[in-house]
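Reader: I've got the coordinates open and I'd like to learn how to read them. Can you walk me through it, one feature at a time?

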Amino acid sequence: MRKILILLAALGFAGSALASDIGLVKVAKGAVQIQRGTAKIPATVGTGLQQADVVITGADGSAGITFTDNSLVSVGPNSVFAIDKYRFDTTTHAGEFEGNLKQGRLAAVSGKMVKQSPDSMKIRTPSAIMGVRGTEFVVQVDETKKN
Amino acid sequence: MVRYLWLFAAALVAAGCACAPVTPALFVVVPDAADGHIGKIVVKPNGGGEERVINTAYGAERVRGDGRVETTRLSEGEVKAIFGPTMDALPGRAMSYTLYFLEGKDELTDTSKVELDKVFADLKHRPLPDIVVIGHTDTVGGLEYNDRLSRARADRLREMLVGLGIPADRIQAAGRGKRELLVPTEDNISEPRNRRVEINVR
């Protein structure tokens, strides 16, 4: 039993695709990390994402992610993007996607769950919350520049 | 040193005040890169205030550092300047293709053989594609025969994609027999548009 647990942990750290994955890193440039609990995993093309993961990019970093409902999200340089909630039912297309852009930039294209129910995808920022009614949009949260 | 202390004090005061500066944020609707469709977003400031709907190309909602919220519109160039590297990292969109087969065979029609090259051109640009290949038949023949034929068509297409260089572990194949007709027909009807394989890629 102990061996099995260790093996699973090792797989998790390697970022291999698991059944619980809600998305997959398809693009990774520069420094990109996934914070999962207290662990920080370097993200590369093929790293699986899970609910509650936080995507963190460096000054030269950017990452592109596909989710199981075909939503696309990219995170730009110097960004912190937390996936607070994600669930998607492949049969009914019902789901819930709550992202939290704490810092930096994000571009996204909504997927099947928004088509099914327009209230299902939200992006939080420190100053406002956005509901996504359809397709493509970008968001910037600027920590340094005070307008 | 004195200056730092002052900044620290100012931050403390600001944090305890209802009129505290907020973190600036910018939300922009971008025309869909695939079909030019203009979407819609709804933005609501955390500190209360009305919910605003943005539904124009490059239409934007900006939350300023002093807490003011304004509805505005950026140019395509301004969006590119701010979000260029971010948008460049967006993965390719999910796509679906349909290729057609000769009657009773797992061989593509001549038109679809040409089409396959275009499908492959798209697939090879995708790092780590997730591909699902689903075979279908028309209603000529029994259920079991068509289940086998649809699976053979899906497997054949999978082999062709692997032959072109797509890693085998990225492609799932399935057959749906005559259960999911593109063009509804009676039983035992030869219909070229039903003899097909769907290729779904993400």
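Author: Let's start with contacts in chain A. Among those between residues at least 6 apart in sequence, 53% join residues at least 24 apart; a contact here means C-beta atoms, placed from the backbone, within 7 Å. This is a predicted model, where local features need pLDDT of at least 70, side-chain atom pairs count only at pLDDT 80 or more, and totals for chains, interfaces and linings use all residues. Residues are numbered from 1 along each chain as its sequence is written, while chains are lettered from A and ligands numbered from 1 in the order in which they are written.

Reader: How many helices and strands does chain A have?

Author: Those are DSSP runs numbered from the N terminus: helices (H or I) of at least four residues, strands (E) of at least two. Chain A has 2 helices and 12 strands, in the order α-β-β-β-β-β-β-β-β-β-α-β-β-β.

Reader: And what makes up the side of chain B that touches chain A?

Author: The contact joins 39 residues of chain B with 41 of chain A. On the chain B side, strand E1 (25-29), E2 and helix H2 (76-88) each supply at least two residues. That side divides into 27 nonpolar, 6 polar and 6 charged residues. Nonpolar covers Ala, Val, Leu, Ile, Met, Phe, Trp, Tyr, Cys and Pro; charged is Asp, Glu, Lys and Arg; the others, Gly among them, are polar.

Reader: Which strands are joined to E2(B) by bridges?

Author: Strands pair if DSSP finds at least two bridges between them. Strand E11 (residues 128-134) of chain A runs antiparallel to E2(B), with 6 bridges; Gly131(A) stands opposite Val42(B), and Ala128(A) opposite Pro45(B). Within chain B, 3 bridges join E2(B) to strand E3 (residues 52-54), also antiparallel, with Ile41(B) opposite Ile54(B). E2(B) and E3(B) form a hairpin with 6 residues between them, and Gly48(B) in the turn has a positive phi of about 95 degrees.

Reader: Which residues of E2(B) are on the covered face?

Author: In a regular strand, side chains alternate between the two faces of the sheet. In E2(B) (residues 40-45), Ile41(B), Val43(B) and Pro45(B) make the covered face, with Lys40(B), Val42(B) and Lys44(B) on the uncovered one.

Reader: What should helix H4 of chain B span?

Author: Expected span is 1.5 Å times one less than the number of residues. The 22 residues of H4(B) (residues 143-164) should span 32 Å, and the end C-alpha atoms are 32 Å apart, which agrees. Just after H4(B), Gly165(B) takes a positive phi of about 115 degrees.

Technical notes: A residue is buried if 20 or more other C-beta atoms lie within 10 Å of its own, exposed if 12 or fewer, and partly exposed in between; C-beta atoms are placed from the backbone. Two residues are in contact if their C-beta atoms, placed from the backbone, lie within 7 Å.
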